[in-house]
Amino acid sequence: MKRLGTVLHSIDNILIVRADKTLESNALYPNSMVITKTMKRIGRVKELFGPEKNPYISIKLFNEIKDSEITKLKKERVYLA
């Protein structure tokens, strides 16, 4: 389990995450599994964008993730499985 980053926003069924400074860019692949601190699978990495040193990551959430759960994720840290 590696720290991915902190959730900033949610748009429809996508989370925008600010990458953690300790995240190595070679450890990040499209479709990598994303989990919460309680080890719940929430989605997969969709895209990496923004500045190279401190990028943003979009995460495509699974359909079974409820709106109330998405709201609770804001400002929470998420991880790569």
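Four salt bridges are counted in this structure, a salt bridge being a side-chain nitrogen of Lys or Arg within 4 Å of a carboxyl oxygen of Asp or Glu. The model is predicted, so local features need pLDDT of at least 70 and side-chain atom pairs count only at pLDDT 80 or more, while totals for chains, interfaces and linings use all residues. Residues are numbered from 1 along each chain as its sequence is written, and side-chain values use heavy atoms, with hydrogens and water left out.

**Stop 1: Asp 20 and its partners**

Select Asp 20 and Arg 3. They form a salt bridge whose closest N and O atoms are 3.9 Å apart.

Is Asp 20 buried or exposed? Asp 20 counts as buried, at 14% relative accessibility; buried means under 20% relative accessible area, exposed over 50%, and partly exposed in between (1.4 Å probe, protein chains only). Arg 3 is partly exposed, with 34% relative accessible area.

Arg 77 is partly exposed, with a relative accessible area of 34%. With this selection on screen, you have a network of salt bridges that links Arg 3, Asp 20 and Arg 77.

**Stop 2: Lys 40 and Glu 69**

Move to Lys 40 and Glu 69, which form a salt bridge with closest N and O atoms 2.3 Å apart. Lys 40 is in the loop between β3 and β4 (41–49), while Glu 69 is in helix α1 (residues 67–73); the pair links distant parts of the chain, 29 residues apart. Lys 40 is partly exposed at 34% relative accessible area, and Glu 69 counts as partly exposed at 23%.

**Stop 3: the barrel**

Switch to a cartoon view and colour by strand. Six strands make a closed barrel in the order β1-β2-β5-β4-β3-β6, with antiparallel pairing. Neighbouring strands of this sheet are turned by 45° against each other on average, direction ignored; for such angles, axes are lines fitted to C-alpha atoms, for helices over the stretch in contact, and angles run from 0 to 180 degrees between N-to-C directions. Two strands pair if DSSP finds at least two bridges between them.

Pick out β2 and strand β5 (residues 56–61): they run antiparallel and are joined by five bridges. Ile 16 stands opposite Ser 58 in β5.

Next, show β4 with β5, an antiparallel pair over six bridges. Ser 58 in β5 is the bridge partner of Glu 47. Their hairpin has six residues between the strands, and in it Gly 50 takes a positive phi near 100°.

Then show β3 with β4, which pair in the antiparallel sense over three bridges. Ile 35 stands opposite Arg 41 in β4. This hairpin has five residues between the strands, and Met 39 takes a positive phi near 70°.

**Stop 4: Phe 49**

Select Phe 49, found in strand β4. Phe 49 is partly exposed, with a relative accessible area of 32%. Which residues is Phe 49 in contact with, leaving aside its neighbours within four places in sequence? They are Ile 16, Pro 55, Tyr 56, Ile 57 and Ser 58, where contact means heavy atoms within 4.5 Å.

Show the rings. A search of the whole structure finds one aromatic pair. Phe 49 and Tyr 56 form this pair, stacked at 5.8 Å centre to centre with 20° between the planes. Rings of Phe, Tyr and Trp (its six-membered ring) pair if their centres lie within 6.5 Å; planes under 30 degrees apart count as stacked, over 60 as edge-to-face and the rest as tilted. Tyr 56 counts as partly exposed, at 24% relative accessibility.

To finish, draw a distance from Phe 49 to Ser 10: their C-alpha atoms are separated by 16 Å, and the residues are 39 apart along the chain.

Technical notes. Helix = DSSP H or I, 4+ residues; strand = E, 2+ residues; numbered from the N terminus.
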